[in-house]
Amino acid sequence: MNIHEYQAKELLIRYGVGVLDGHIAWTPEEAEAAAAKLPGPVYVIKSQIHAGGRGAGRFADDPNGKGGVRLARSTAEVRAAAESMIGHTLITKQTGDAGRPVRRVYVEAGCDIARELYLSLLVDRLSGRVTIVACTEGGMEIEEVSLAHPEKILRVGIDPASGIAGFHARRLAAGLGLTGKQAAAFGKFLNAVHAAFHALDCSVIEINPLVVTAGGDIVALDAKVSFDDNALFRHPELEKLRDEAEEDPKELEAARFELNYVALDGNIGCMVNGAGLAMATMDIIKLFGMSPANFLDVGGGATKERVTAAFKIILSDPNVEGILINIFGGIMRCDVIADGVVSAAREVQLSVPLVVRLAGTNVDLGKQIMAKSNLPIVAADNLADAAEKIVKAVREAA
């Protein structure tokens with residue numbers, strides 16, 4: 001689960017992470033009032049959407065104008081900037097051409113910046129450890145830096161048995177060129193971020209840029225926090241921070257039925273049981289010349305109702321030109337899948353090619369249910385056969 005920058009800073013400050021004063025505003029009038037509470041004379045107005053690259057972005061109705069992060073030198077300028085942001089669609093590298101509507105802005109105090117650095121904490125899947133990533137090139141796309149100058153990326157893994165220690169901070173501070181009071185301030189800052197990461201069950205905390213002020217303070221000028229969805233049951237207070245307007249409606253509907261769904265940009269809808277099988281299914285669709293429209297894992301204990309919901313979610317994507325269902329029946333019974341597919345296909349009046357490959361528990365019964373449905377369902381013998389048939393059917397229907 002992702003949250004907005006202002007929400008992230010409200011959480012981080014509780015753990016001692018240094019942030020600048022700021023206030024959220026839903027209207028230009030609120031933005032002007034928020035600026036009046038800050039010392040000035042420089043203010044920063046930040047569009048709040050769940051996407052990076054806001055400063056370099058552009059608004060759909062003003063392609064030649066300024067981006068989603070702007071400086072102002074009076075409360076009147078703050079109001080004008082907020083007026084040109086709130087209610088308008090911001091397009092960044094991460095939003096795609098559709099962009100995201102800006103519903104609120106964050107008005108923050110200005111900062112005397114001496115240096116901009118990069119800092120993040122994440123879970124390294126290879127080592128199974130929380131890993132700290134830092135770089136002297138703050139404010140830039142870290143992916144671009146890692147490709148062009150990989151030597152500038154610092155990585156430190158934290159042993160879960162011993163936890164974070166002083167030498168971790170000292171090593172990173174040295175790599176970032178911080179000495180004396182700055183190094184000491186960085187150590188406190190890093191410990192605070194690490195404490196927040198564990199206490200909140202985060203999957204990522206990214207601070208870009210991490211700023212060294214002219215006075216030597218270490219401040220999070222921006223903050224991105226993502227939580228591990230599997231741990232949210234331990235944090236009911238965090239669920240209240242969810243902004244459903246920033247999330248894909250299909251993914252929200254999938255979550256309601258406990259389905260693992262991620263929207264992609266292809267044209268073949270996928271319904272599979274098991275993450276590994278889902279990945280293999282998406283790969284083989286690419287192998288045969290098309291792209292998956294989604295990742296959808298119905299899980300091992302799916303009911304007819306959940307399968308029906310999954311089918312409807314796939315079809316709600318206007319880019320879907322065909323559907324491939326690939327089920328290996330272990331805990332998940334093939335007849336349950338077949339019942340759900342037939343029920344959903346009848347309810348939504350199936351209008352795209354559908355290929356189904358079933359194997360495992362009650363497979364014969366599942367095939368009988370589909371055969372007796374009199375629906376245009378194409379059966380497949382194996383995964384390669386299924387991928388080949390759905391790609392062929394979509395091309396013939398085009």
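**Exercise 1. State how much space lies in the second largest pocket, which residues line it, and how the lining divides by residue class.**

Step 1. In this predicted model, the second largest pocket holds about 170 Å³ of space. A pocket here is an open set of points, on a 1 Å grid over the protein atoms alone, where a 1.4 Å probe fits, with protein on both sides within 12 Å along at least five of seven lines; the volume is the space filled by probe spheres set on the points, which are joined across faces, edges and corners.

Step 2. The lining, meaning residues with an atom within 4 Å of a point, consists of T95, A98, G99, R100, E246, E247, D248 and P249.

Step 3. These lining residues divide into four charged, two polar and two nonpolar, where Asp, Glu, Lys and Arg count as charged, Ala, Val, Leu, Ile, Met, Phe, Trp, Tyr, Cys and Pro as nonpolar, and the others, Gly among them, as polar.

Residues are numbered from 1 along each chain as its sequence is written. Local features need pLDDT of at least 70 and side-chain atom pairs count only at pLDDT 80 or more, while totals for chains, interfaces and linings use all residues; side-chain values use heavy atoms, with hydrogens and water left out.

**Exercise 2. Locate D222 and describe its surroundings.**

Step 1. D222 is found in the loop between β12 (218-220) and β13 (224-227), strands being DSSP runs of E with at least two residues.

Step 2. Beyond residues up to four places away in sequence, D222 touches E5, K9, K46, R54, E206, I207, N208 and P209, a contact being heavy atoms within 4.5 Å.

Step 3. With R54 there is also a side-chain to side-chain polar contact at 3.2 Å (N or O atoms within 3.5 Å, one able to donate a hydrogen and the other to accept it; residues adjacent in sequence count only if both atoms are side-chain atoms).

**Exercise 3. Decide whether helix α1 is enclosed or open.**

Step 1. In α1, the residues E5, Y6, Q7, A8, K9, L11 and L12 are buried, that is, under 20% relative accessible area with a 1.4 Å probe and protein chains only.

Step 2. Because seven of the eight residues of α1 (residues 5-12) are buried, the helix is largely enclosed by the rest of the structure.

**Exercise 4. Describe the largest nonpolar core.**

Step 1. This core has 41 residues, and F186, F189, I205 and F227 have the most contacts inside it. Helix α6 (residues 180-199) gives the most to this core, with seven residues.

Step 2. F227 touches, among others, M1, I3, L11 and L200.

Methods: Helices (H or I, at least four residues) and strands (E, at least two) are DSSP runs, numbered from the N terminus. A nonpolar core is a set of buried Ala, Val, Leu, Ile, Met, Phe, Trp, Tyr and Cys residues joined through side-chain atoms within 4.5 Å. Buried means under 20% relative accessible area, exposed over 50%, partly exposed in between (1.4 Å probe, protein chains only).
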